[in-house]
Amino acid sequence: NTFEAGVYREVLDADGAGVVEESYTMATSGTGTTGTFLVSIPFPYDAPDELVVRAYDLSAEDGAGRIGVTEVPFRRS
C-alpha cells in the first residue's frame with residue numbers, strides 16, 4: 001500500500017552499507033489498497049553474494065521520510 005502506487009527499491013550489500021542498485025516502479029494499486037509489482041533486478045557481476053532488497057515509499061507529507069519499509073535478505077546462487 002503506497003501513495004499513488006509508487007514503489008522505491010534498493011538492493012544493498014548484506015550489512016546495508018552500500019547500495020548496489022536502485023530504481024522506482026509502479027504497483028498495481030495504492031493509496032488505501034494493497035497492490036503488487038514485478039521487477040527484474042540486474043545484479044552487477046562483482047556484486048556480493050548476500051544482498052538485501054528494500055522496498056519503500058516516501059512520505060506524501062514532505063517526501064523526506066521513508067515509510068512502509070520492507071527488507072528481504074537475498075543470496076545469489
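A residue counts as exposed when its relative accessible area is over 50%, as buried when the value is under 20%, and as partly exposed in between. By that scale Arg75 is exposed, because its relative accessible area is 58%. The model discussed here is a predicted one.

## Strands and their pairing

Strand S1 covers residues 6-13, and strand S2 covers residues 19-26. Strand S3 spans 50-58, and strand S4 spans 66-75. S1 and S3 run antiparallel and are joined by six bridges. Within that pairing, Glu10 has Arg54 in S3 as its bridge partner. S3 also pairs with S4, again in the antiparallel sense, over eight bridges. Here Glu50 has Arg75 in S4 as its bridge partner. S3 is mostly covered, with seven of its nine residues buried.

## Salt bridges

Side chains of opposite charge can pair when their charged atoms come close. The model contains five salt bridges.

| Salt bridge | N and O distance |
|---|---|
| Arg9 and Glu21 | 2.5 Å |
| Glu10 and Arg66 | 2.9 Å |
| Glu50 and Arg75 | 2.5 Å |

The salt bridge between Arg9 and Glu21 has its closest N and O atoms 2.5 Å apart. This pair links distant parts of the chain, with Arg9 in strand S1 and Glu21 in strand S2, twelve residues apart. Arg9 and Glu21 are both buried.

Glu10 forms a salt bridge with Arg66. The two stand 56 residues apart in the chain, Glu10 in strand S1 and Arg66 in strand S4. Glu10 is buried, since its relative accessible area is 5%. Arg66 has a relative accessibility of 40% and therefore counts as partly exposed.

Glu50 and Arg75 meet through their side chains in a salt bridge. Because Glu50 lies in strand S3 and Arg75 in strand S4, this pair ties together parts that are 25 residues apart in sequence. Glu50 is partly exposed, as its relative accessible area is 40%. Some salt bridges share partners, and these join Glu10, Arg54, Arg66 and Glu71 into one network.

## Single residues

Most residues other than glycine have a negative phi. Ala5 has a positive phi, near 65°, and is a residue other than glycine. Ala5 lies in the segment before strand S1. With a relative accessible area of 8%, which is under 20%, Ala5 is buried.

Met26 belongs to strand S2. Its relative accessibility is 47%, so Met26 counts as partly exposed. Apart from neighbours within four places in sequence, Met26 is in contact with Glu4, Ala5, Gly6 and Phe37. The C-alpha atoms of Met26 and Glu4 are separated by 8.4 Å, although the two residues are 22 residues apart along the chain.

Ser59 is found in the loop between strands S3 and S4. Ser59 counts as buried because its relative accessibility is 16%. Residues up to four places away in sequence aside, Ser59 touches Gly65 and Ile67.

## The largest pocket

Rolling a probe the size of a water molecule over the atoms shows where empty space is left. The largest pocket in this model has a volume of about 240 Å³. It is lined by 16 residues, and those closest to its centre are Asn1, Thr2, Val7, Asp57 and Gly68. S3 and S4 are the elements that give two or more residues to the lining. By class, the lining of the largest pocket has seven nonpolar, eight polar and one charged residues.

Key
Residues numbered from 1 in each chain as written. Predicted model: local features only at pLDDT ≥ 70, side-chain atom pairs only at ≥ 80, totals over all residues. Heavy atoms only, no water. Helix = DSSP H or I, 4+ residues; strand = E, 2+ residues; numbered from the N terminus. Buried < 20%, exposed > 50% of the residue type's maximum accessible area, 1.4 Å probe, protein only. Contact = heavy atoms within 4.5 Å. Salt bridge = Lys/Arg side-chain N within 4 Å of Asp/Glu carboxyl O. Pairing = 2+ DSSP bridges. 1 Å grid on protein atoms, 1.4 Å probe; cavity = no way out; pocket = protein on both sides within 12 Å on 5 of 7 lines; lining within 4 Å. Points joined across faces, edges and corners; volume = space filled by probe spheres on them. Nonpolar A, V, L, I, M, F, W, Y, C, P; charged D, E, K, R; others polar.
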